[in-house]
Amino acid sequence: IVRLFAKYKATRQEDLYKLISTSYILITFLSALLIFVLIQLREPIFTFLEIRDELINVFNFIYFVGVLEISSQLILRVNIGVLKGKHRYDLAYNLEGLAAISRLIVVLLLSAAGFFNIFNFTLAYACIKIFCDGISFYLLRNEIRSIRLIFDLNIFKELSNIGSSSLLISALSFLIYSLPILLFGKYFGLINVVLYSIPFAVMRIATRVINTIYNGINPASAEMHAVGDIQQIQKISSFGVKVASLISIPALGFCIIFGKEILFIWLGNSELNTSDLNTMSNILVMLFVFLVFENILKINIFIYKSTGYHWYVTLETLISSVLLYLASYFLIDSLNLYIFSFALILVGAFKYFYYKFISIFIMRTFSMPIINFLIILFYCFLLFFIDYSIQNIFLKFIIFVCWLMLYLSLSYMFLFNKNERHTILSQFSDIFVRFISKTEK
């Protein structure tokens, strides 16, 4: 809906309301279908997870509340998509922020009042998200007033084409990102699942933070592609890939040097011994290597999805999921607890070469040159030697700051072209001027 709304806004404004109406009708049907399928799959899922009899009622409640939230979210996502298609990312993310803050407040209130339990938490967690996203109906009240329920067959075909691709990508992404946590607990024991789930959660939080730089890429790329401005898309691709490396590489470096110390401060030794913390730290670093691959490719993936090449992204996600489980199957005996994190590195490497092929032969976008990428990774992995050789945390911090300043300086001079360097200086100059003006007030 984000891509099509932006595309229609640029070339077919008279069909915008038909797009929204057709989207509502299609999503309502899919929500009903999804509810039916999930209800049918309840017993097989519970059998696979080996839920104990005394926990059946708990999991039944959680499962059905989850089904309600997922099905309602499909409809509400149409509204969020329209907001993003209008370049109102501020409103879309304000709703997400409101949901997060509201959830935290309700959890604290439930705890303070002595009513905190799994049932109250699950119900509050789901209902708050539904309510906050439901505010989008008010934000789009002008558009909704103008809508008449019309089902347009041509728009339906476009939505089905893009929607089926997105649905497959979402399902396959679940296999890549979420299912391994369940399998980790099943094969290595529930007591060990935190060794993977906590580093994975940290990596996903970092991914969400880094992804903020891509706000607006989908609708902007769709609009530019609709009017034939391919050169501007290529400029966005080049600048975005380089900025992503400028952020994700230091994040990996920080994990290598301070990951173990941060986990120790956070978790302590009360439940996890030194061996567990070492394992968790190593998994965190491996996941952040995957994060580097993922983030330098992310902006091009957004561009491909918004310019009509979404099925190439779907194919990549399919192959990546197959590669993940093939690697896990053949290497599990030798890698043990590190199996999924190492398999993700292999997936990241595959994604890099896959999208390099796409950028050369399918749609011209910027791809980090192989030699540049290898040099950057080698420079990053020098920190392993520093971490192994130096125990003083203050000295580590000084060396890391010097390493970071050198990386940022070399990247600025040799990675970015002249126009991009001018853009960076202009942005920092504007930020500095605004900061000075605010301090003077």
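Contact here means heavy atoms within 4.5 Å, and helices (H or I, at least four residues) are DSSP runs numbered from the N terminus. The structure is a predicted model, in which local features need pLDDT of at least 70 and side-chain atom pairs count only at pLDDT 80 or more, while totals for chains, interfaces and linings use all residues. Residues are numbered from 1 along each chain as its sequence is written, and side-chain values use heavy atoms, with hydrogens and water left out.

Ile 249, Leu 252, Gly 253, Ile 256 and Ile 257 of α12 are in contact with Ile 376, Leu 377, Cys 380, Phe 381, Leu 383, Phe 384, Ile 386 and Asp 387 of α16. By class, this contact of α12 with α16 has 11 nonpolar, one polar and one charged residues; Ala, Val, Leu, Ile, Met, Phe, Trp, Tyr, Cys and Pro count as nonpolar, Asp, Glu, Lys and Arg as charged, and the others, Gly among them, as polar. Two packed helices are described by the angle between their axes and the distance between the axes. The axes are lines fitted to C-alpha atoms over the stretch in contact, and angles run from 0 to 180 degrees between N-to-C directions. For α12 and α16 (residues 370-389), the angle is about 15° and the axes are 9 Å apart. That makes α12 roughly parallel to α16, given that angles under 35 degrees count as roughly parallel, over 145 as roughly antiparallel, 65 to 115 as roughly perpendicular and the rest as oblique. The crossing of α12 and α16 is right-handed, meaning that the near helix is turned clockwise from the far one by less than a right angle.

Helix α12 also packs against α17 (residues 393-415), at an angle of about 165° and with the axes 11 Å apart. The pair α12 and α17 is therefore roughly antiparallel, and their crossing is right-handed. On the α12 side, the contact includes Lys 242, Ser 245, Leu 246, Ile 249, Pro 250 and Glu 261; on the α17 side, the residues include Ile 393, Lys 396, Phe 397, Trp 403 and Leu 415. The residues of this contact of α12 with α17 divide into 14 nonpolar, three polar and three charged.

A further partner of α12 (residues 230-267) is helix α10 (residues 194-211), and here the packing angle is about 140°, with the axes 12 Å apart. Helices α10 and α12 are therefore oblique to each other, and α10 passes α12 in a right-handed crossing. Ile 198, Val 202 and Ile 210 of α10 make the contact with Ile 247, Ser 248, Trp 266 and Leu 267 of α12. Sorted by class, the contact of α10 with α12 has six nonpolar, one polar and no charged residues.

Thr 207 is found in helix α10 and, at 3% relative accessibility, counts as buried; buried means under 20% relative accessible area, exposed over 50%, and partly exposed in between (1.4 Å probe, protein chains only). The side chain of Thr 207 reaches the backbone oxygen of Met 203 at 2.9 Å. Beyond its neighbours within four places in sequence, Thr 207 is in contact with Leu 291 and Glu 294. Asn 295 lies in helix α13 (residues 274-306) and is buried at 0% relative accessibility. With neighbours within four places in sequence left aside, Asn 295 is in contact with Ile 210, Asn 211, Tyr 214, Ala 244 and Ser 248.

Ile 176 and Ser 320 are 144 residues apart in sequence and 7.7 Å apart in space, C-alpha to C-alpha. Not counting residues up to four places away in sequence, Ile 176 touches Thr 317, Ser 320, Ser 321, Leu 324 and Leu 344. Val 313, in helix α14, is buried with a relative accessible area of 2%. Its C-alpha is 8.4 Å from that of Ser 165, and Val 313 and Ser 165 are 148 residues apart in sequence.

Finally, Asn 336 is found in the loop between α14 (310-335) and α15 (339-361). At 41% relative accessibility, Asn 336 counts as partly exposed. Most residues other than glycine have a negative phi, whereas phi of Asn 336 is near 50°, a positive value.

Terms used:
Helices (H or I, at least four residues) and strands (E, at least two) are DSSP runs, numbered from the N terminus. A polar contact is a pair of N or O atoms within 3.5 Å; within protein, one must be able to donate a hydrogen and the other to accept it, and residues adjacent in sequence count only if both atoms are side-chain atoms.
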